[in-house]
Amino acid sequence: MNSILIKICSIPHLLIISGLLFSFQVYANEKITDDIKHDKPHSNTISTAELFNTYWKLTELDGEPVVTMPGQREMKLTLHVEENKVNGFGGCNSFFGTYTEDVGTIKFGPLAATRKFCAESMDQESQFFKLLSEVTDYAITGQVLLLNDDEGKSVLKLEAVYLK
């Protein structure tokens, strides 16, 4: 096959073709490297989670880590885009209610919850519900949702969980 190519093309033509192929390969490699340096999306990038219809697990409550004890359910919430409904679990009781959202701002309420008593988690759950009522805006970065109060302080930190 190579001998046929040599017979058809002169050596100067082969040098030009190989130079062009080499230049294209160098350009392609530089382009990929440039995209990575400038954080342009590529196949290894983790996309930003969606606010709605995502299972959000509570990881921090007013700056303190939330630890789920063995055998306990994790504190969570899910915002449903239909009818602006929210539901979740506060550590002892399930809750549900409504929210309003508009370009980075969010307000929860009114919220209602079941009325079980759990001595070990009632304080944390009460704080969770209180802070939800104080939330005024949000920010999503990657898989993390920050819910902030009217002073811009992140009072709740949640992480997207994907079911397998």
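Reader: What should I know about the model itself before going on?

Author: It's a predicted model, where local features need pLDDT of at least 70 and side-chain atom pairs count only at pLDDT 80 or more, while totals for chains, interfaces and linings use all residues. Residues are numbered from 1 along each chain as its sequence is written, and side-chain values use heavy atoms, with hydrogens and water left out.

Reader: What pLDDT does the protein average?

Author: pLDDT is the predictor's confidence in each residue, from 0 to 100. The protein averages 80, and 71% of the residues score at least 70. Watch residues 20–44, where pLDDT stays under 50. For that stretch the model has 5 contacts beyond four places in sequence, a contact being heavy atoms within 4.5 Å. Where pLDDT is low, the predicted coordinates should not be read in detail.

Reader: How many helices and strands are there in the protein?

Author: There are 3 helices and 9 strands. Along the sequence, the pattern reads α-α-β-β-β-β-β-β-α-β-β-β. Of the 164 residues, 27% count as buried. If you take the contacts with a separation of 6 or more, 46% of them come from residues 24 or more positions apart.

Reader: Which phi values deserve a second look?

Author: Most residues other than glycine have a negative phi, and most peptide bonds are trans. Asp 62 isn't a glycine, yet its phi is positive, about 55 degrees. Asn 53, also not a glycine, has a positive phi of about 55 degrees. Asn 53 is in the loop between helix H2 (11–37) and strand S1 (55–61), and its relative accessible area of 47% makes it partly exposed.

Reader: Which peptide bond is cis?

Author: The one from Gly 109 to Pro 110, with omega near -5 degrees. Pro 110 belongs to strand S6 (residues 105–113).

Reader: And how do I read ring pairs?

Author: A pair of aromatic rings is described by the distance of the centres and the angle of the planes. Rings of Phe, Tyr and Trp (its six-membered ring) pair if their centres lie within 6.5 Å; planes under 30 degrees apart count as stacked, over 60 as edge-to-face and the rest as tilted. A search of the whole structure turns up 4 aromatic pairs. One of them is Phe 95 with Phe 128, edge-to-face at 5.8 Å centre to centre and 80 degrees between the planes. Phe 95 lies in strand S5 (residues 94–102) and Phe 128 in helix H3 (residues 122–134), so the pair ties together parts 33 residues apart in sequence. Both Phe 95 and Phe 128 are buried, and ring pairs link Phe 95, Phe 128 and Phe 129 into a cluster.

Reader: What does Leu 156 touch?

Author: Not counting residues up to four places away in sequence, its partners include Leu 58, Phe 128, Leu 131 and Val 135. Leu 156 sits in strand S9 (residues 154–161) and is buried, with a relative accessible area of 0%. The C-alpha atoms of Leu 156 and Leu 58 are separated by 7.2 Å, though the two are 98 residues apart along the chain.

Reader: Which side chains make polar contacts with the side chain of Asn 148?

Author: A polar contact is a pair of N or O atoms within 3.5 Å; within protein, one must be able to donate a hydrogen and the other to accept it, and residues adjacent in sequence count only if both atoms are side-chain atoms. The side chain of Asn 148 makes one with the side chain of Asp 137 (2.8 Å) and another with that of Ser 154 (2.7 Å). Asn 148 is found in strand S8 (residues 144–148) and counts as buried at 7% relative accessibility.

Definitions and conventions
Helices (H or I, at least four residues) and strands (E, at least two) are DSSP runs, numbered from the N terminus. Buried means under 20% relative accessible area, exposed over 50%, partly exposed in between (1.4 Å probe, protein chains only).
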